Amino acid sequence: MDDLRAITRDVDINATKISARRVQVHYGDTHAIKNVDVDIKERTVTAFIGPSGCGKSTFLRCINRMNDTIDICRVQGDIRIDSDDIYDRKVDPVQLRARVGMVFQKPNPFPKSIYDNVAYGPKIHGLARSKADMDEIVERSLRRGAIWDEVKDRLHAPGTGLSGGQQQRLCIARAVATDPEVLLMDEPCSALDPIATAQVEELIDTLREKYTVVIVTHSMQQAARVSQKTAFFHLGSLVEYSDTDEIFTNPKDRRTESYISGRIG
Amino acid sequence: MTDILSGSLPQTTMDKVRGSLARRHRKQFILQALGITAISLAFLMLFILFASLISTGHKAFTLTKIKLEVFIDPEEISVERLPRGNFDDVLATALAADLPSVDPNDRAAMRAVGAILSNGAQFDLRDRVVADSALIGQTINISVPVSDPYDQLYKNLIDRTMPESLRRLDDTQIGYYDKLIEIGAITSSLNTGLLTNADSRFPELAGLRGAIIGSFWALLICFLISFPVGIGAAIYLEEFAPKNKLSDFIEVNINNLAAVPSVVFGLLALAVFIGWFGMPRSAPFVGGMTLALMTMPTIIIATRAALKAVPPSIREAALGLGASKQQVVFGHVVPLAMPGILTGTIIGLAQALGETAPLLLIGMNAFITSAPATPFDSATALPTQIFIWADSPERGFVSRTSAAILVLLTFLIMMNAIAIYLRSKFERKW
Amino acid sequence: MTTLAFAILLMASLAGYALNRRAATGIRDGGARLHSVSNYHGLYALLLMLVPVIVVILIWLVLQGPVVNAMVMSALPAGTMDGLDTGQVDLILAEIRSISGGRIFGKPDPWKLAAAEHLADLRQLAALSLVLLTALLCLAIMCFARQKVTAEFRARQAVERIISGLMIFCSVVAIFTTVGIVTSLAFETYEFLRLVPLSEFLFGLNWEPQIPIRADQIAAAGAFGWIPVILGTIVITLVAIVIAVPIGLLSAIYLFEFAPKRIRAVAKPLLEILAGVPTVVYGFFAILVVAPAIRSFGASMGISVAPNTALAAGSVMGIMLVPFISSFADDALSAVPRAMRDGALALGATRAEMVLNVLFPAAIPGIVGGALLAVSRAIGETMIVVMAAGLMANLTLNPLESVTTVTVQIVTLLIGDTSFDNPKTLAAFALGMMLFLVTLVINIFALRIVRKYREAYD
């Protein structure tokens, strides 16, 4: 925890990576996100917390436009990454998603080999010029996913044969293989046992060196352990957003306080 | 990884991504275009199918008739020998009166004139006279059908520009026709005979009555057997059967039966029902039993799906009140599953209605000119009637076949519409 | 008379129901506690009567015809049947029957008139005994069921046992059907193989089942080598699959992933219509539209095309199979978990890449299973080929020539008059046996693939 604090202090020095203004999301008739403004800092782990159904995952999926794949979902407002409006008509979601990686709640490796799982992103985006290039990207990504040592001898075994925690780290390796700038994580540990959770949390902490990480979690302990900034969502609104220790020790809003002390949620 | 390297990497990565984007979107466009082409092709075929059926079939829904003033000559027709009267001669004479160019004493010419009328015309006249014998010696107005070639000519299906030797009607015959048109004797009316007549060798007289009744009997027998047996089997397998080798075997068996070619069921019926049990050939009863064996797997599979969709909470609630397993199933589960079961049954029966091959093998393609009175009489069914007509050489049967298909499709669409209605009306979201 | 028997049964069983129910209610009103409610006592009587008596009536009806016929024939004057084959015997029987039905043509022999009278008498007797038997059985069972009614009688359990028995019987009907198919085919095939050696049937290159006209034909009784027939079947099936699989698959992919909602709402029912069109209609479509179109196209290209090409029958069969393939592909694609789609899209895959690289490989077992079932359907499809393919066996792989198929041969050999003792009829059963075996193997294989695949994602 001491290490964590040391970094926490210089968070504000980092530039803003993602800035959202007046974001509204409708699911059919449901108003899922109401007027959210937030600035997410570069190379920081930002946690979204809140009771289930509060819209934190929905908001996360706005950042790489995954909501586009749902027919009834409408997104309004303005989200910028490095001042590029990602909902601009000229922006190609395909290109955006190469820049903003995502890891899901349940590990979802493709039913292919470990190697092919990691190589998939670079292959479709044409990032490797040769086989050797690809080998290097795969190795580098698996190392960043902190799973290289466990799988280096069986790269051609199916990814679905790994344990849950390994699968999730494989998915993280797969996500970083395209060299994204932002990494979105939607409750990445909710399907994992405590040991696997600890491994993934440790990994998240090291990812901060290179990536801007946004993580949705329902576990406040996890938010406290891995993040530097925390945003609290409630009923589709962003209630409070500040440094993690600030939120957990000295919340400004009554609702945040209630949630943290376990009265709502 | 040094800072400099990692700082410059995203730049190059995004460049690479951007570089291949156009090519990748083109690939997606090609896949979509292929998909649209494929589905359009399928629908184009569906369209051509229906368009060709309607364009050839609609002509069979009208009947070309000729209005005649007939003198019922007592010399030819007498009360004593009514059934053997020379009705065709009387009609030919009446027709010749409209055609001044024909010499009534020229037998060959008179035969040609008589051939303008359908073979059924004499029976129309006979029926009138039999109903009222006072008509003998009087002159009456009657409208009778023309024979197939003239019907074709009226419906523009005979090309007048073809060389005479290749045409079905020579120039003299066309001359007769034009004369009759000129005096306004030829009319066209709705062909109710298509549904009310039985089969005939003459296209203009052939109707579907026998086939529709035959299909009705066969379908009724099929329903009476396959519905109770299918539901019984499905309820047992889904709700009561112990999980053992036997019920697994039955299950595999049913799934395979559903995929056995229909002609094999025809062989079964021919060998067992007709060959071994000595049941009558061509009978809708045997056809219905054969169709029942084919429909049963469909009903079983649909019923099991409907039973599976009833949530276990219903069963637990009733069991908790002390009902026996059978009381739960028959009192609660089956009634809730009934819409699904009925939908599956109707769809199965619709398939059975269109099934042809097994009926051919048990002889339901016989030429039968009366409608069956009981399921044990010889009969045809709609699909086999279509097959018979499609095989007939007379041109007039082409449009009859299309019309028969349209009638069959109407029945099928009605059955499916009922099924869809049931499904949407009673569909429950648990 | 049969109707009367059924009517008696119905009345008796309803009466039995009322009687038992009344008796049970009486016991309850007398102050005793019934083990089962009175309704079950009534049902017990009803079922106990309906089930066995219906079985008896049905068996009687099935046996009556043949038994009466046999009695009539055996009572004929000695010597009339000498030296006649089955066809002629059947003819005499039919004549006797039609005489007894009142349709007399010409002047029949006196012994035929006598036999007809005998037949009518026997029929009368049989019908009368059936009615009597039914009435007696009903009465006996009614008495038996009535004396069963006591306070302790477990009527509900008894009724449930009868219903269980009925349901088990229903499930076993499926097995009976399969057994019936296998035994009838096997029996006739065995008869066939006594006339034609197995090696000639399986490996012979000539199929000419017609009665021989010239002495120099391959075999005096026609040739029965099934190779050209199965080859024709394979050619037509191949044409059908080559057309159906790409069209079906691509339309499924388009409808599943790319089509706007409105198009999907229209397209799916239209495909169902295509699937519901009876095959005899497709057959007529083939001869009315497709075959002439192919012929005139061939003529315009300067290629001579047979009037009933494998191409015409095969392509129409392909159209028939499109909805079949597309619905299997749709099922297989929708069975792939959403997480797979999301995973690929989140990596920046285009939707086409997602479909082709992730969904499609995961759905392949289901699609292959569906395609195999389509193959088995194409092999067993009858009406389209009966109407649009050829009758002559032709040893060729060229889809522009006329070929025949297994099902065409079965139908043409059996249409019209069939007696079970000539190789022509029996050959149809032998072909049916091969058809059954081939499709059975494909079906078992395909259903296993489909089922395994479904389990993998459940």
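What follows is a short tour, grouped by topic. Keep in mind that this is a predicted model.

**Helix α6 of chain B**

- Start with α6(B), which covers residues 171-182, so you're looking at 12 residues.
- From the first C-alpha to the last, α6(B) reaches 16 Å, close to the 16 Å expected at 1.5 Å a residue.
- Which residues of α6(B) are buried? They are B:Tyr176, B:Tyr177 and B:Leu180.
- These three cover an arc of only 95 degrees around the axis, and that puts them on the same side of α6(B).
- Here's the handy rule behind that: an α-helix has 3.6 residues a turn, so residues three or four places apart point the same way.
- Now look at the face of α6(B) turned away from the buried side: B:Asp171, B:Asp178, B:Ile181 and B:Glu182 sit there, and they are exposed.
- What do the buried residues of α6(B) pack against? Their partners in chain B are β1 (62-71), α2 (87-98), α3 (107-114), α5 (148-154) and β3 (186-190).
- After α6(B) comes B:Gly184, which has a positive phi, near 75 degrees.

**Strand β9 of chain A**

- Next up is β9(A), residues 229-234: 6 of its 6 residues are buried, so the rest of the structure largely encloses this strand.
- One pairing partner is β3(A), residues 45-49, which runs parallel to β9(A) and pairs with it over 4 bridges.
- If you want to find that pairing, look for A:Phe48, whose bridge partner in β9(A) is A:Ala231.
- β9(A) also pairs with β10(A), residues 237-243, this time antiparallel and through 6 bridges.
- In that pairing, A:Phe233 stands opposite A:Leu238 of β10(A).
- The hairpin of β9(A) and β10(A) has 2 residues between the strands, and A:Leu235 in this hairpin has a positive phi near 50 degrees.

**Where the chains touch**

- How many residues does each chain bring to the contact of chain B with chain C? Chain B gives 66 and chain C gives 71.
- On the chain B side, helix α1 (residues 3-57) makes the largest share, with 19 residues.
- Sorted by class, that side of chain B has 45 nonpolar, 19 polar and 2 charged residues.
- Chain C also meets chain A: 14 residues of chain C are in contact with 21 residues of chain A.
- On the chain C side of this contact, α11 (338-346) and α12 (351-380) each supply at least two residues.
- α11(C) gives the most, with 6 residues.
- By class, this side of chain C has 8 nonpolar, 3 polar and 3 charged residues.

**Domains of chain C**

- Chain C comes in two parts, domain 1 (2-165) and domain 2 (223-457).
- Taken over C-alpha atoms, the centres of these two domains of chain C are 47 Å apart.

**One leucine to find**

- B:Leu44 lies in helix α1 of chain B.
- Is B:Leu44 buried or exposed? B:Leu44 has 12 other C-beta atoms within 10 Å, so it is exposed; the cut-off for exposed is 12 or fewer.
- Between B:Leu44 and B:Ile299 there are 32 Å in space, C-alpha to C-alpha, and the two are 255 residues apart in sequence.

Notes
Residues numbered from 1 in each chain as written. Chains lettered and ligands numbered in written order. Predicted model: local features only at pLDDT ≥ 70, side-chain atom pairs only at ≥ 80, totals over all residues. Expected span 1.5 Å × (residues − 1). Buried ≥ 20, exposed ≤ 12 C-beta atoms within 10 Å, placed from the backbone. Arc of directions from axis to C-beta. Contact = placed C-beta atoms within 7 Å. Pairing = 2+ DSSP bridges. Nonpolar A, V, L, I, M, F, W, Y, C, P; charged D, E, K, R; others polar. Domains from an automatic or database assignment.
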